[in-house]
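Here is a short briefing on one structure.

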Amino acid sequence: MSADSPRSQSCTCIAPINIAVIKYWGKSDEDQIIPLNDSISLTLDTDYMYTKTTATISTELTKDSIILNNEEASGDGVRFQNCLSEIRKLAASSKHASTVEKSKLKVAIVSQNNFPTKAGLASSASGYACLVFTLAQLFELESHKSELSALARRGSGSACRSLFGGFVQWFHESQPCVARPIAEAEHWPQLRCLVAVVSNTSKAVGSTEGMSRSVKTSKLLEYRIKHVVRDRVEEMKMAILQKDFVKFAELTMQDSNQFHAICLDTYPPLFYMNSTSQAIIQLVHRYNEIRQNIKVAYTFDAGPNAVLFMEEAELNRFASVFHSFFGSIPHESFFRGKVLDPVDSTKDVEALGPDNALKGQVQYTIVCHVGQGPKNIDPTG
């Protein structure tokens with residue numbers, strides 16, 4: 001924490017996005033944000049993608065305020081105030097007088113995502129996780145991460161998973177409803193991720209509205225909850241703990257496909273993927289066929305952008321193929337976050353059947369690994 005003056009204090013933190021491999025879609029309680037089912041996610045590293053939040057309290061502030069991505073938002077927003085009021089309650093009940101005094105002050109929030117927002121890349125998850133973590137640091141709360149997870153959930157359901165690094169499960173029946181780690185980030189060091197940015201525009205139907213619509217109209221969602229997802233969660237946990245990539249990949253792709261099938265089964269239907277998303281799916285399956293094993297997996301959240309998983313040994317080969325199909329800028333510019341060594345993909349591309357129409361359909365791709373949870377980046381934090 002840094003002290004700007006005796007009357008003002010601020011704190012700056014960053015928080016990661018998380019990518020669900022067993023999806024959360026639909027709530028049993030809209031107000032408390034209680035999901036219909038458990039979900040499992042991977043927290044991505046903050047080397048390239050993160051939310052950065054600065055929180056300031058001051059005796060000179062007359063109201064709560066929040067600036068998101070350089071635009072002023074409503075400090076009276078329900079989800080923002082849900083998180084803020086719960087943090088203030090914890091601070092007000094602290095045994096430390098300084099923390100109690102801080103709870104009485106108004107707060108100014110400045111938050112920035114350095115990746116596309118509202119485009120199916122879990123920006124709300126990292127955003128609310130960062131908000132709650134930063135406020136807890138600013139107020140010097142001695143809260144356990146599970147307690148902060150429950151608070152972050154009140155802002156955005158999946159934010160509860162971004163409070164932890166590594167592999168995380170969100171338990172829909174726990175009291176309170178929180179996320180907990182399955183395994184640390186270091187558990188599977190060979191696992192890699194490519195985030196393919198197809199579009200950086202906001203989706204037409206937000207996740208909150210989309211979920212509500214699916215819960216009301218999709219029979220396939222009802223079937224998933226009753227007959228599919230519980231067993232799939234257990235299978236995914238086992239695949240992660242055993243570092244079984246083939247099983248992990250199969251389950252990840254199947255669950256992504258079912259999620260988007262539910263979106264189409266919703267009335268009126270929800271279209272989150274586009275033709276480029278579909279082309280990426282086709283390429284992954286064709287690539288796995290020529291490799292005679294499952295080497296790459298895809299998943300899509302509520303947007304057209306792809307998240308692709310593979311192990312380190314496959315990364316350069318698949319990345320070169322992916323660039324040959326979808327990239328229109330140089331290899332070193334197309335991939336961000338880590339320098340990749342291009343390899344000769346001529347034989348693979350010939351076997352897959354080149355399609356020049358796809359060139360340029362992916363703007364760029366971010367190279368990631370499984371990472372840690374939020375952290376304080378103040379020099380004195």
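**Sheet, core and rings**

Tyrosine 298 has leucine 308, in β15, as its bridge partner. The model is predicted.

**Sheet**
- β14 and strand β15 (residues 306-311) run antiparallel and are joined by three bridges.
- They belong to an open sheet of five strands with mixed pairing, in the order β14-β15-β13-β17-β16.
- β14 (297-299) and β16 (335-336) are the edge strands. Each has a single partner strand, so one side of each lacks a neighbour in the sheet.

**Helices on the sheet**
- α9 packs on the sheet and touches β14 and β15. The direction of α9 makes about 160° with that of β14.
- α10 lies across β13 (191-197), β15, β16 and β17 (364-369). Relative to β15, α10 runs at about 140°.

**Nonpolar cores**
- The largest nonpolar core holds 66 residues. Phe248, Ile280, Leu308, Phe309 and Phe322 touch the most other members.
- α10 gives the most to this core, with seven residues.
- Which residues does leucine 308 contact, leaving aside its neighbours within four places in sequence? The set is Arg192, Cys193, Leu194, Ile280, Val284, Val296, Ala297, Tyr298, Phe318 and Phe322.
- A second, separate core has 46 residues. Cys11, Ile57, Ile87 and Leu221 are among them.

**Aromatic pairs**
- The count of aromatic pairs comes to 13.
- One of them joins tyrosine 287 and phenylalanine 318, with 5.0 Å centre to centre and 75° between the planes. Edge-to-face requires planes over 60 degrees apart, so this pair is classed as edge-to-face.
- The pair links distant parts of the chain. Tyrosine 287 is in helix α9 (residues 275-290) and phenylalanine 318 is in helix α10 (residues 312-326), 31 residues apart.
- Buried or exposed? Both tyrosine 287 and phenylalanine 318 are buried.
- Both rings also belong to one aromatic cluster, together with Phe322, Phe326, Phe334 and Phe335.

**Charges over rings**
- Arginine 180 lies over the face of phenylalanine 171, 5.2 Å from the ring centre.
- Lysine 203 has its charged end over the ring of tyrosine 272, at 6.0 Å from the centre.

Technical notes:
Residues are numbered from 1 along each chain as its sequence is written. This is a predicted model: local features need pLDDT of at least 70, side-chain atom pairs count only at pLDDT 80 or more; totals for chains, interfaces and linings use all residues. Side-chain values use heavy atoms; hydrogens and water are left out. Rings of Phe, Tyr and Trp (its six-membered ring) pair if their centres lie within 6.5 Å; planes under 30 degrees apart count as stacked, over 60 as edge-to-face and the rest as tilted. Helices (H or I, at least four residues) and strands (E, at least two) are DSSP runs, numbered from the N terminus. Buried means under 20% relative accessible area, exposed over 50%, partly exposed in between (1.4 Å probe, protein chains only). A charge sits over a ring if NZ of Lys or CZ of Arg is within 6 Å of the ring centre and within 35 degrees of the ring normal. A nonpolar core is a set of buried Ala, Val, Leu, Ile, Met, Phe, Trp, Tyr and Cys residues joined through side-chain atoms within 4.5 Å. Contact means heavy atoms within 4.5 Å. Two strands pair if DSSP finds at least two bridges between them. Axes are lines fitted to C-alpha atoms, for helices over the stretch in contact, and angles run from 0 to 180 degrees between N-to-C directions.
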